[in-house]
Every structure is written in structure tokens, then in C-alpha cells.
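I opened this notebook to record what I looked up in the structure shown below.

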Amino acid sequence: MDEQEYLARDAIGLAELVAAREVSAAEVLEAAIARAEAVEPKINALTQRLYERARAEAANGGPTGPLGGVPYLLKDLSTQLAGAQTRAGSRLFDQAPPAAADSALVAAYRRAGLVIFGKTNTPEFGLEPVTEPEAFGPTRNPWDPSRTAGGSSGGSAAAVAAGVVPAAQASDGGGSIRIPASCCGLFGMKPSRGRVSMAPADEGWAGLSCLHAVTRTVRDSALLLDISSRPAPGDPYWAPPDGSFLEASRRDPARLKVGFTTAALRGDGLDPECARAVEDTARLLEGLGHTVEEARLPADANAIGDAVGLIVTANIAAVLDTEADRRRRPIVRGDVEDLTFGMYERGKAITAPAYIRAVQAAHAFGRAVAPFFETYDVLLLSTLGRPPVPLKWLRGDPPDLEGYNKRLFDFMPNTAAFNVTGQPAMTVPLATSGEGLPIGVQFVGRPAGEAGLFALAGQLERAAPWADRRPSI
């Protein structure tokens, strides 16, 4: 299979070729590996190469299923692949034992026929919206290697944008699917809380975090969610069924009432190019027959900043204390990055009542936002506050941690609020900056309303196709 034939197809298209025996799973895998080796020196997306085990799986006809024989990558965080390490972007887990079994999501992927041949880069413990871990080095944006690919699923997004795979696994605790998808010109759906099981792990960050993928096409994302949205025994909660997402992506939605805003939910405001992308999208939606009007979210995202920070730092403390127990020695400065260690120290000081109050504040925010979606079907706003930023911009070069929080929310003002509410939200690659960098536009749906978002995404993809826009890498 030559490179151009491989690059021309999404995951469903590759699976169709394999099912028709026009190409073998082994040939498709070799095309993916060749592409990975060609671009990896430029983007640094991979943390583990699992080529030989993948070759063994692809041999003898390869696996069957709706995505039988399609090469795939896992984010090196929050999921387990039997026989492989999960290192979470951290040197702390350099000697971590390999997983004894697949996590529920990975098992679902493998039943569907995906051939997993590597793991992708992430910031340490997924804590930042850029992918620049000390353990593995920065992942670079295929559109401009001096810029971030976003985070925390930056390795996955860079690999998809560079054509290594048409889709890759990702996760989202504050925007970590939507941010890198926006930076890399991809489609990124953050599913509803509980839509994808995190078994055998507990909920991520008190329900802020969820699992899914970054993709080039809407239909790949929809099918991957159909494959993975099955509750596992013992899950503490799950999202109610919403029909076939793939089928939803194939039909136009009914006329929608869309509220839009060019405001930043946090930070000092949007870059003019990001605001213009929202306005242009509002006009596109009107042209498609939807009712669009300017609206304001009835809750202050700044008010829950402290609660979210407390939830995240307490969870980091729990993770590191668990590792300390396994090692039978304390975690000390130098085991992890300075930023992580600072969060660890803050997390250890949090009391149980303070943690409960933070969770209650998060839930109260969700209840305050909910009435908006009794009036509107969809909220339209910018995914990011600005186009992809230069590498080292967030921490400063030289490091400037005093200005860190301001830069953080100038870059990602609009994503984390919907991890708090647990609603589905997607970024769609509808715009480009004057420098030729991707700009994503975000849509937020009603709780458990992924099908409605997929229908809208499919309509937008047909009206303003993006899959053939690729970086020159």
C-alpha cells in the first residue's frame, strides 16, 4: 500500500479496503509504521513503539470487526494495554510494570479490530494544555513545528494531523481532546460524563475527565464512540443511550436554535481571529437554516476555578501517594516535574470537607448552566483563546510561573467549563489564521446529546469540508 493511498482514507475507509481484501491488514500497518518513522523526527508524537506485537496481530489476515485491520495509537495516559507500560508522561513511571490486562476501552477497540502499534506523548499526568513533558520532550505541531500541538492529547493529535493514523485515542479533563484537535486542525468530540467506561480505574478527576478520540473525519469519531460507549460492570454511573452516533452523523439535524458568544468564559478575551471564526460560523449556521442569536451563559466560569483546581490537585496527591505506597518510599522533589510536585504538596494539604465542598461547587455550576439548554439546542463559542502558541510559551522561556495562570486561561478560556457540567462538546476545524494555523470552533450540546452534535458536525463537514486540508509536513 503506497503512502498516498494510505493518507487518502479515514479509518472507516481503510477498514473497507481490508474487508474487501483489496489490501491486507499487514500492508496497512506497514504503511502506518513507515509514515510514523518518516514524520516522528519532526513532531515527536510517540512515547512507545509497539510495532512487533502489532505485526503479530495483523498477520494471518488480521483482526475482524467494524474497524478490522486499522492501525491505531493510544494516549499514554488513563488506559491500559496488556503487556505495555502506561507512563503518563512522567519519569516517575520509567520502571512501571506492564499492565496485566486491557482497560475496558482498549478491550472494546481490540474487539472492533483496531491494531494498536504505539502510545502517544502527553504532558506529565495530563496536567497542561500543551505537550512538553520533561520525560519525553515536546510534541510539535505538524502545521508549524515551532508551535504547540496542544494538550494533553497532543501526541495523538499531532500523529493524526501528520497522517500517521486517521484517528487516535485521547482523553479530556479540561479540554484535552478539544484543545489539541483545535491546534492541529482535527475534529474532537468530548463525550458526556459516563459515556465511555474508565474501568478498571475509577472516575477521572471526580468526573471531570473522559475518554474518546481525535479524528480527521466526523464519521470515524462517531463509529469509535459507538464502539466504546458501553458501561462496564461496576461503573459508578453512565450516560443514557442516544442511538447510533454513526447514523446520526449521516443525517442533517432538524432546525436548531443556536446561542453564540465571542466572549471568553475565563481570561481577558479572545484573539480577534478566534472571535471572527465564531462569527463566520454563526453565519454559516444561518445559511444552513438554523436560528442563531447572541447569548450569554448564565453562570460565571471564574467562580469555579478554585474548586476545579482543588479537585485536580487532590486527585494528583492521591495518584502520587498510591505510587509512594507501591514503592514503600515517599515521592520527593525530582521524582516528578516541579509544577507537578507543587500541585502534589497543595493536594496533600486539602481536607476531606474542602474536597466535598469543591465537588458540590462543581455540581452547582452544572445546575446553573442547565437552563441555558432549555432555551437553546447548542452553544457556539471559540474552542481556544488564540491560535496555537509557540513552544515554551505557557511556562515562559525562561520560566515565569508567576504569569502562568494568566497565560493558561488566555489560551484555554472556554473548554474546562464543560468538563465541570459533564455535557458533550466538540471542536470543529472550520477556520484558519492569517498565518495558516488551524482554529477550531466549539459546540456544546445538551446533556447526553452527542447524537445531536454528531448530526450537526456531519452537516458542517458536508457544507465546509476540511479533511483534505493537511499540513505540508
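Is Arg462 buried, partly exposed or exposed? I found that Arg462 counts as partly exposed, at 43% relative accessibility (buried means under 20% relative accessible area, exposed over 50%, partly exposed in between, with a 1.4 Å probe and protein chains only).

I note that this is a predicted model, in which local features need pLDDT of at least 70, side-chain atom pairs count only at pLDDT 80 or more, and totals for chains, interfaces and linings use all residues. Residues are numbered from 1 along each chain as its sequence is written, and side-chain values use heavy atoms, without hydrogens and water.

Next I looked up salt bridges (a side-chain nitrogen of Lys or Arg within 4 Å of a carboxyl oxygen of Asp or Glu). The structure holds 28 of them. In one, the side chains of Asp252 and Arg462 meet at 2.7 Å, N to O. Asp252 lies in the loop between α9 (245-249) and β9 (257-260) and Arg462 in helix α17 (residues 450-463), so this pair ties together parts that are 210 residues apart in sequence. Helices (H or I, at least four residues) and strands (E, at least two) are DSSP runs, numbered from the N terminus.

I then turned to Arg35 and Glu3, whose side chains form a salt bridge at 3.2 Å, N to O. Arg35 is buried, with a relative accessible area of 11%, whereas Glu3 is partly exposed at 36%.

Finally, I recorded that Glu30, Glu52 and Arg55 are linked in a network of salt bridges.
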